[in-house]
Amino acid sequence: MGNRKGIEALLRSQPFSESVTGEDSVYHYAESMARVENTLVVVSDIKANTSRIFYGRFADVLSIRSLPHENSIWEKEILAQMDESEQEGKYLSELRFFNFLRRIPHSFRPYYYLAAHLRIKNKRGIAVDVLHRMYYWYEGGSEVVRYGICVYGPLLQPLPAKYMAVNSVTGEVQELSGSNDQDILSKREKQILSLIVKGLTSQEIADMLCISKHTVSRHRQEILAKLQARNSAGAILRARQLQLI
(Lines give C-alpha, C1' and ligand atoms only; values in the text may rest on other atoms or scores of the structure.)
Protein backbone atom coordinates (compact mmCIF):
# COMPACT_ATOMS: atom_id res chain seq x y z
CA MET A 1 0.00 0.00 0.00
CA GLY A 2 3.02 2.28 -0.38
CA ASN A 3 1.60 4.10 -3.38
CA ARG A 4 -1.69 4.69 -1.58
CA LYS A 5 0.10 6.27 1.38
CA GLY A 6 2.14 8.38 -1.01
CA ILE A 7 -0.73 9.98 -2.88
CA GLU A 8 -2.82 10.33 0.30
CA ALA A 9 0.03 12.14 2.04
CA LEU A 10 0.48 14.45 -0.95
CA LEU A 11 -3.18 15.38 -1.02
CA ARG A 12 -3.81 15.73 2.69
CA SER A 13 -0.69 17.80 3.41
CA GLN A 14 -1.91 20.70 1.27
CA PRO A 15 -2.46 24.15 2.86
CA PHE A 16 -6.27 24.12 2.90
CA SER A 17 -8.23 27.26 3.62
CA GLU A 18 -10.46 27.43 6.69
CA SER A 19 -13.64 28.03 4.69
CA VAL A 20 -15.46 25.43 2.62
CA THR A 21 -15.55 26.34 -1.05
CA GLY A 22 -17.78 24.92 -3.75
CA GLU A 23 -19.32 22.18 -1.60
CA ASP A 24 -22.86 22.50 -2.94
CA SER A 25 -21.65 22.78 -6.54
CA VAL A 26 -19.39 19.74 -6.45
CA TYR A 27 -22.00 17.46 -4.87
CA HIS A 28 -24.72 18.67 -7.21
CA TYR A 29 -22.38 18.03 -10.15
CA ALA A 30 -21.60 14.49 -8.95
CA GLU A 31 -25.24 13.63 -8.32
CA SER A 32 -26.23 14.88 -11.77
CA MET A 33 -23.42 12.95 -13.45
CA ALA A 34 -24.43 9.71 -11.72
CA ARG A 35 -28.04 10.24 -12.76
CA VAL A 36 -27.45 11.36 -16.36
CA GLU A 37 -24.55 9.01 -17.22
CA ASN A 38 -25.75 6.14 -14.98
CA THR A 39 -22.27 6.02 -13.51
CA LEU A 40 -20.98 5.42 -10.00
CA VAL A 41 -19.49 8.69 -8.72
CA VAL A 42 -17.39 9.21 -5.59
CA VAL A 43 -16.59 12.68 -4.24
CA SER A 44 -13.69 12.73 -1.78
CA ASP A 45 -13.35 15.74 0.49
CA ILE A 46 -9.58 15.74 0.90
CA LYS A 47 -9.50 18.11 3.86
CA ALA A 48 -12.28 16.39 5.81
CA ASN A 49 -11.05 12.88 4.88
CA THR A 50 -14.57 11.79 3.94
CA SER A 51 -16.36 10.64 0.80
CA ARG A 52 -19.88 10.73 -0.59
CA ILE A 53 -21.01 8.16 -3.11
CA PHE A 54 -23.70 8.64 -5.76
CA TYR A 55 -25.07 5.44 -7.25
CA GLY A 56 -26.10 5.36 -10.90
CA ARG A 57 -27.29 2.14 -12.51
CA PHE A 58 -23.73 1.01 -13.32
CA ALA A 59 -23.38 0.35 -9.60
CA ASP A 60 -25.81 -2.55 -10.09
CA VAL A 61 -23.51 -4.04 -12.75
CA LEU A 62 -20.71 -4.06 -10.20
CA SER A 63 -23.11 -5.18 -7.47
CA ILE A 64 -22.05 -2.16 -5.42
CA ARG A 65 -24.65 -0.22 -3.52
CA SER A 66 -23.68 0.42 0.07
CA LEU A 67 -23.78 3.45 2.35
CA PRO A 68 -23.62 6.91 0.72
CA HIS A 69 -20.83 8.09 3.05
CA GLU A 70 -17.36 6.89 4.01
CA ASN A 71 -14.93 8.21 6.61
CA SER A 72 -12.07 8.02 4.15
CA ILE A 73 -11.04 9.56 0.83
CA TRP A 74 -10.90 6.04 -0.59
CA GLU A 75 -13.94 4.17 -1.92
CA LYS A 76 -13.30 1.02 0.11
CA GLU A 77 -16.11 -1.12 -1.30
CA ILE A 78 -14.89 -0.58 -4.86
CA LEU A 79 -11.26 -1.18 -3.95
CA ALA A 80 -12.18 -4.41 -2.17
CA GLN A 81 -13.38 -5.79 -5.52
CA MET A 82 -10.05 -5.14 -7.22
CA ASP A 83 -6.96 -7.36 -7.16
CA GLU A 84 -4.10 -5.98 -5.08
CA SER A 85 -1.98 -5.37 -8.20
CA GLU A 86 -4.86 -3.46 -9.78
CA GLN A 87 -5.23 -1.35 -6.64
CA GLU A 88 -1.51 -0.56 -6.59
CA GLY A 89 -1.64 0.39 -10.26
CA LYS A 90 -4.53 2.76 -9.53
CA TYR A 91 -2.68 4.41 -6.63
CA LEU A 92 0.52 4.74 -8.67
CA SER A 93 -1.35 6.31 -11.59
CA GLU A 94 -2.89 8.87 -9.22
CA LEU A 95 0.54 9.64 -7.78
CA ARG A 96 1.92 10.13 -11.28
CA PHE A 97 -1.07 12.26 -12.26
CA PHE A 98 -0.58 14.53 -9.25
CA ASN A 99 3.11 15.00 -10.08
CA PHE A 100 2.28 15.49 -13.78
CA LEU A 101 0.00 18.39 -12.83
CA ARG A 102 2.68 19.94 -10.63
CA ARG A 103 4.95 20.24 -13.66
CA ILE A 104 2.52 22.31 -15.74
CA PRO A 105 1.31 25.89 -15.18
CA HIS A 106 -1.40 26.22 -12.55
CA SER A 107 -3.86 27.81 -14.97
CA PHE A 108 -3.85 24.67 -17.15
CA ARG A 109 -4.25 22.08 -14.40
CA PRO A 110 -8.08 22.14 -14.31
CA TYR A 111 -8.07 21.14 -17.99
CA TYR A 112 -6.82 17.66 -17.18
CA TYR A 113 -8.36 14.52 -15.79
CA LEU A 114 -7.02 11.03 -15.19
CA ALA A 115 -8.44 8.20 -17.31
CA ALA A 116 -7.73 4.57 -16.49
CA HIS A 117 -8.80 1.12 -17.61
CA LEU A 118 -9.58 -0.85 -14.46
CA ARG A 119 -10.76 -4.40 -13.86
CA ILE A 120 -13.28 -4.58 -11.03
CA LYS A 121 -14.97 -7.79 -9.90
CA ASN A 122 -18.68 -7.98 -9.24
CA LYS A 123 -20.11 -10.01 -6.38
CA ARG A 124 -19.91 -13.17 -8.48
CA GLY A 125 -16.19 -12.71 -8.95
CA ILE A 126 -16.44 -11.81 -12.64
CA ALA A 127 -14.03 -9.03 -13.65
CA VAL A 128 -15.70 -6.13 -15.47
CA ASP A 129 -13.82 -3.67 -17.70
CA VAL A 130 -14.31 -0.22 -16.19
CA LEU A 131 -13.46 3.28 -17.35
CA HIS A 132 -12.30 5.27 -14.34
CA ARG A 133 -12.09 9.05 -14.64
CA MET A 134 -10.73 11.23 -11.86
CA TYR A 135 -11.12 15.00 -11.72
CA TYR A 136 -9.67 17.48 -9.25
CA TRP A 137 -11.76 20.35 -7.92
CA TYR A 138 -9.53 23.20 -6.75
CA GLU A 139 -10.16 25.70 -3.99
CA GLY A 140 -11.09 28.94 -5.73
CA GLY A 141 -8.11 30.44 -7.55
CA SER A 142 -5.57 28.29 -5.71
CA GLU A 143 -3.39 25.25 -6.38
CA VAL A 144 -5.01 23.30 -3.54
CA VAL A 145 -7.04 20.24 -4.50
CA ARG A 146 -10.06 20.22 -2.19
CA TYR A 147 -12.16 17.51 -3.85
CA GLY A 148 -11.39 14.46 -5.93
CA ILE A 149 -14.22 13.25 -8.16
CA CYS A 150 -13.99 9.62 -9.31
CA VAL A 151 -16.36 8.39 -12.00
CA TYR A 152 -16.81 4.68 -12.75
CA GLY A 153 -18.60 3.50 -15.87
CA PRO A 154 -18.38 0.81 -18.57
CA LEU A 155 -15.32 0.80 -20.82
CA LEU A 156 -16.86 1.23 -24.26
CA GLN A 157 -13.63 1.02 -26.28
CA PRO A 158 -9.94 0.38 -25.56
CA LEU A 159 -7.90 3.30 -24.27
CA PRO A 160 -4.62 4.31 -25.95
CA ALA A 161 -2.92 3.52 -22.61
CA LYS A 162 -4.00 1.90 -19.35
CA TYR A 163 -3.41 5.14 -17.44
CA MET A 164 -3.32 8.58 -19.02
CA ALA A 165 -3.79 12.28 -18.39
CA VAL A 166 -6.38 13.73 -20.76
CA ASN A 167 -6.69 17.38 -21.69
CA SER A 168 -10.46 17.85 -21.84
CA VAL A 169 -10.04 21.06 -23.87
CA THR A 170 -7.68 19.93 -26.64
CA GLY A 171 -8.09 16.16 -26.48
CA GLU A 172 -4.34 15.76 -25.95
CA VAL A 173 -3.39 12.53 -24.16
CA GLN A 174 -0.30 11.94 -22.02
CA GLU A 175 0.42 8.35 -21.01
CA LEU A 176 1.26 8.01 -17.33
CA SER A 177 3.99 5.41 -17.18
CA GLY A 178 7.33 4.82 -15.52
CA SER A 179 9.00 7.22 -17.95
CA ASN A 180 7.06 10.09 -16.33
CA ASP A 181 8.61 9.31 -12.95
CA GLN A 182 12.01 10.44 -14.16
CA ASP A 183 10.72 14.00 -14.40
CA ILE A 184 9.64 14.25 -10.76
CA LEU A 185 13.10 15.24 -9.54
CA SER A 186 15.53 17.57 -11.27
CA LYS A 187 18.97 16.35 -12.32
CA ARG A 188 20.55 18.12 -9.34
CA GLU A 189 18.00 16.67 -6.92
CA LYS A 190 18.70 13.16 -8.19
CA GLN A 191 22.42 13.80 -7.78
CA ILE A 192 21.97 14.96 -4.20
CA LEU A 193 19.63 12.09 -3.38
CA SER A 194 22.18 9.59 -4.70
CA LEU A 195 24.76 11.10 -2.33
CA ILE A 196 22.28 10.92 0.55
CA VAL A 197 21.88 7.22 -0.25
CA LYS A 198 25.65 6.86 0.18
CA GLY A 199 25.35 8.33 3.67
CA LEU A 200 26.94 11.72 3.06
CA THR A 201 25.97 14.63 5.29
CA SER A 202 24.72 17.94 3.95
CA GLN A 203 28.10 19.54 4.58
CA GLU A 204 29.93 16.71 2.79
CA ILE A 205 27.55 17.00 -0.17
CA ALA A 206 28.05 20.76 -0.25
CA ASP A 207 31.84 20.35 -0.27
CA MET A 208 31.71 17.73 -3.02
CA LEU A 209 29.42 19.77 -5.28
CA CYS A 210 31.01 23.13 -4.45
CA ILE A 211 27.73 24.63 -3.25
CA SER A 212 26.61 25.96 0.11
CA LYS A 213 25.17 23.80 2.87
CA HIS A 214 22.07 26.02 2.73
CA THR A 215 21.58 25.11 -0.94
CA VAL A 216 21.88 21.42 -0.11
CA SER A 217 19.30 21.80 2.66
CA ARG A 218 16.95 23.56 0.27
CA HIS A 219 17.30 20.72 -2.23
CA ARG A 220 16.69 18.20 0.55
CA GLN A 221 13.43 19.90 1.49
CA GLU A 222 12.34 20.00 -2.14
CA ILE A 223 13.10 16.30 -2.53
CA LEU A 224 11.04 15.48 0.56
CA ALA A 225 8.16 17.62 -0.71
CA LYS A 226 8.16 16.13 -4.21
CA LEU A 227 8.37 12.55 -2.96
CA GLN A 228 6.11 13.36 0.02
CA ALA A 229 8.46 11.80 2.53
CA ARG A 230 8.98 12.78 6.16
CA ASN A 231 12.70 12.06 6.22
CA SER A 232 15.60 10.92 4.05
CA ALA A 233 14.84 7.24 4.59
CA GLY A 234 11.30 7.75 3.35
CA ALA A 235 12.54 9.72 0.34
CA ILE A 236 14.98 6.95 -0.57
CA LEU A 237 12.23 4.33 -0.30
CA ARG A 238 9.84 6.37 -2.48
CA ALA A 239 12.58 7.07 -5.04
CA ARG A 240 13.36 3.36 -5.30
CA GLN A 241 9.69 2.52 -5.75
CA LEU A 242 9.57 4.99 -8.64
CA GLN A 243 12.96 3.73 -9.93
CA LEU A 244 14.51 7.20 -9.66
CA ILE A 245 17.68 5.78 -8.11
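Student: Why is the contact between Glu-31 and Arg-35 called a salt bridge?

Tutor: The closest N and O atoms of Glu-31 and Arg-35 are 3.3 Å apart, and a salt bridge is defined as a side-chain nitrogen of Lys or Arg within 4 Å of a carboxyl oxygen of Asp or Glu. The pair therefore meets the definition. This is a predicted model, in which local features need pLDDT of at least 70 and side-chain atom pairs count only at pLDDT 80 or more, whereas totals for chains, interfaces and linings use all residues. Residues are numbered from 1 along each chain as its sequence is written, and side-chain values use heavy atoms, with hydrogens and water left out.

Student: Where do Glu-31 and Arg-35 lie?

Tutor: Both belong to helix α2 (residues 23-37), four residues apart, which is about one turn of the helix. Helices (H or I, at least four residues) and strands (E, at least two) are DSSP runs, numbered from the N terminus.

Student: What makes Arg-35 exposed and Glu-31 partly exposed?

Tutor: Buried means under 20% relative accessible area, exposed over 50%, and partly exposed in between (1.4 Å probe, protein chains only). Arg-35 has 60%, and is therefore exposed; Glu-31 has 36%, and is therefore partly exposed.

Student: Why is Arg-109 called buried, and which residue is its salt-bridge partner?

Tutor: Arg-109 has a relative accessibility of 10%, and therefore counts as buried. Its partner is Glu-143, at 3.2 Å from N to O. The pair links distant parts of the chain, 34 residues apart: Glu-143 is in the loop between β5 and β6, and Arg-109 in the loop between α5 and β4. Glu-143, at 49%, counts as partly exposed.

Student: How many salt bridges does the rule give, and which residues form a network?

Tutor: The count comes to 13 salt bridges. Asp-45, Glu-139 and Arg-146 are linked in a network of them.

Student: What makes β3 an edge strand, and how does β3 pair with β2?

Tutor: The open sheet of eight strands has the order β3-β2-β1-β6-β5-β4-β7-β8, with antiparallel pairing. β3 (69-70) and β8 (173-175) are the edge strands, each pairing on one side only. Strand β2 (residues 50-55) and β3 pair over two bridges in the antiparallel sense. Ser-51 stands opposite Glu-70, and Arg-52 opposite His-69.

Student: Why is Leu-10 called buried?

Tutor: Leu-10 has a relative accessible area of 4%, and therefore counts as buried. Leu-10 is in helix α1 (residues 2-12). Its C-alpha atom is separated by 9.5 Å from that of Asn-99, 89 residues apart along the chain.

Terms used:
Two strands pair if DSSP finds at least two bridges between them.
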